[in-house]
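Please look at the sequence and the structure before reading on.

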Amino acid sequence: MKSTKLFGAALLMSTMLAVGSAQSKTLVYCSEGSPEGFDPAPYTAGTTFNASSKPLYNSLVQMDRGTTNVVPGLAESWEVSADGMEITFNLRKGVKFHTTSSFTPTRDFNADDVIFSFARQWKKDHPWNQYTAGIAWEYFDGMDMTALLKDIVKVDDNTVKFVLNRPEAPFIANMTMDFASILSAEYAAKLEADGKKDMINQQPVGTGPFMFVDYQKDAVIRYKAHPDYWDGKQPIDDLVFAITTDASVRTQKLKAGECHVAPYPSPADIASLQADPNLQVMEQEGLNVGYLAYNATQAPFDNPKVRKALNMAINKQAILDAVFQGAGAAAKNPIPPTMWSYNNDVQDDPYDPDASKKMLADAGVSGLKMKVWAMPVQRPYNPDARKMAELIQADFSKVGVEVEIVSYEWGEYLERSKAKDRDGAVLLGWTGDNGDPDNFLAVLLGCSAVGGSNRAQWCYQPFEDLIQKAKVLPNNDAREPVYREAQAVFKEQAPWATIAHSVVFMPMSKKVMNYKMDPLGSHRFDGVDISE
């Protein structure tokens with residue numbers, strides 16, 4: 001039965017490709033996982049953003065494709081006041097929202113859409129703040145946007161002013177991020193009137209280069225090019241995400257021509273992909289870090305000496321050899337070495353099981369049993385979390401720590417791992433959103449991110465004071481020494497075991513043209529073409 005299903009799926013995909021090439025340009029992307037939803041603001045996972053914010057939406061400002069350069073998006077221009085407390089965005093005119101089977105817009109994009117998109121995350125009494133019970137705005141809250149914003153003013157239909165309570169050096173860069181995607185206030189009002197608020201997360205409407213067609217859960221997502229896109233209709237007519245969670249199956253599909261782009265290959269498959277005459281394999285150093293986050297609120301992990309001892313039990317080189325197969329480097333800081341302000345003077349925890357065992361004993365820890373959480377999907381910063389967890393399990397056993405490996409479906413994994421009372425340590429990682437150190441240090445380790453993207457649940461005031469100080473300094477030269485000091489404090493306190501920074505490989509058919517690898521780890525198909 002299983003082989004029959006696989007054959008049927010392959011035949012369906014082959015037929016779809018054949019029909020697509022005869023009638024229109026179709027690109028099939030073998031996505032590594034299913035999105036949590038299609039409203040990007042409540043989420044932080046790249047898998048979700050690739051399926052939602054990247055094809056479907058725009059933000060006021062965005063990253064130029066393949067770079068970390070901020071360029072105009074739905075705002076044509078912007079001005080920052082001399083004191084840094086007011087940022088005024090001049091909105092692009094004539095921008096059309098998507099027309100779908102469930103919604104036909106009656107007006108163009110305007111300031112009301114901007115205010116709606118942020119106010120729903122900001123104001124607890126906003127009718128859309130809890131449109132689904134228990135929804136959390138993880139980025140917005142983790143970046144302390146609630147305290148930062150004083151007001152959002154509609155100057156007129158085409159002008160919006162953000163008024164801040166303090167200067168915020170990375171504010172413009174932060175506005176390129178996925179949580180800042182602009183949704184249609186008119187569509188939201190229709191859904192509210194119809195009693196169907198949940199549909200904003202299931203049948204999305206944006207201004208982006210592609211329009212949502214349909215989604216078969218855990219199987220396929222279909223998009224069509226937005227015919228009235230403000231930056232011009234895309235060369236691709238139909239975009240298909242074929243959800244394929246197994247890296248080896250993605251490789252098979254790519255080689256068989258059943259998909260055109262397949263991310264996150266197994267390191268063991270890279271050589272054969274590079275040797276295939278029908279394929280091209282792009283690569284670049286990733287702006288990422290993979291880590292093991294302890295729960296710093298739970299004993300004995302509330303003791304930094306215990307965390308340091310466990311870090312010294314981990315053989316990173318063995319992990320690099322077995323999991324990354326040479327396509328990575330050991331991580332010592334929570335930011336990658338390609339990012340400005342990286343502190344190379346920090347000394348990494350040595351691999352020293354004997355010293356680890358003694359430190360645990362000195363801290364009064366014996367017979368420790370703990371859980372290590374292993375991600376169910378491949379990510380740029382961790383191509384095989386299960387194997388990594390097994391290696392850590394073996395390492396910890398050598399110092400008398402018994403590890404149980406646990407995992408969950410990806411969306412559940414992300415949700416459960418946020419819990420403040422989560423047990424054990426969780427394998428996760430991060431690829432930068434905007435090229436600013438604040439996007440790692442504050443979003444992943446700041447006090448306001450506890451219970452969200454701060455999976456270590458670590459709120460340490462000396463560190464917090466440094467990252468808050470860096471936010472308000474006027475330029476990168478002034479901010480750099482503060483971030484360097486923050487990295488030293490992080491290493492001393494060890495809320496994570498920093499594992500690795502990876503090289504990212506991107507295999508695709510030679511038919512794919514003008515694809516650009518994103519230094520921030522996203523997969524964008526605006527501007528991409530495919531030869532007949």
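How many bridges join strand 5 to strand 7?

## Basis

The model is predicted, so local features need pLDDT of at least 70 and side-chain atom pairs count only at pLDDT 80 or more, while totals for chains, interfaces and linings use all residues. Residues are numbered from 1 along each chain as its sequence is written, and side-chain values use heavy atoms, without hydrogens and water.

Strand 5 (residues 86-91) and strand 7 (residues 159-164) are joined by five bridges and run antiparallel. Strands (E, at least two residues) and helices (H or I, at least four) are DSSP runs, numbered from the N terminus; two strands pair if DSSP finds at least two bridges between them. Within this pair, Asn90 has Thr159 of strand 7 as its bridge partner.

The open sheet has four strands in the order 4-5-7-6, with antiparallel pairing. Strand 4 (75-80) and strand 6 (149-156) each have a single partner strand, so one side of each has no neighbour in the sheet.

## Helix 4

Helix 4 (residues 111-122) packs on the sheet and touches strand 5, strand 6 and strand 7. Contact means heavy atoms within 4.5 Å.

Helix 4 also packs with helix 8 (residues 185-194), at an angle of about 65° and with the axes 8 Å apart. Axes are lines fitted to C-alpha atoms, for helices over the stretch in contact, and angles run from 0 to 180 degrees between N-to-C directions. Asp112, Asp113 and Phe116 of helix 4 meet Ala185, Glu186 and Ala188 of helix 8.

## The hairpin

Strand 8 (residues 210-216) pairs with strand 9 (residues 220-225) in the antiparallel sense, over six bridges. Three residues lie between these strands, and Asp218 in the hairpin takes a positive phi near 65°.
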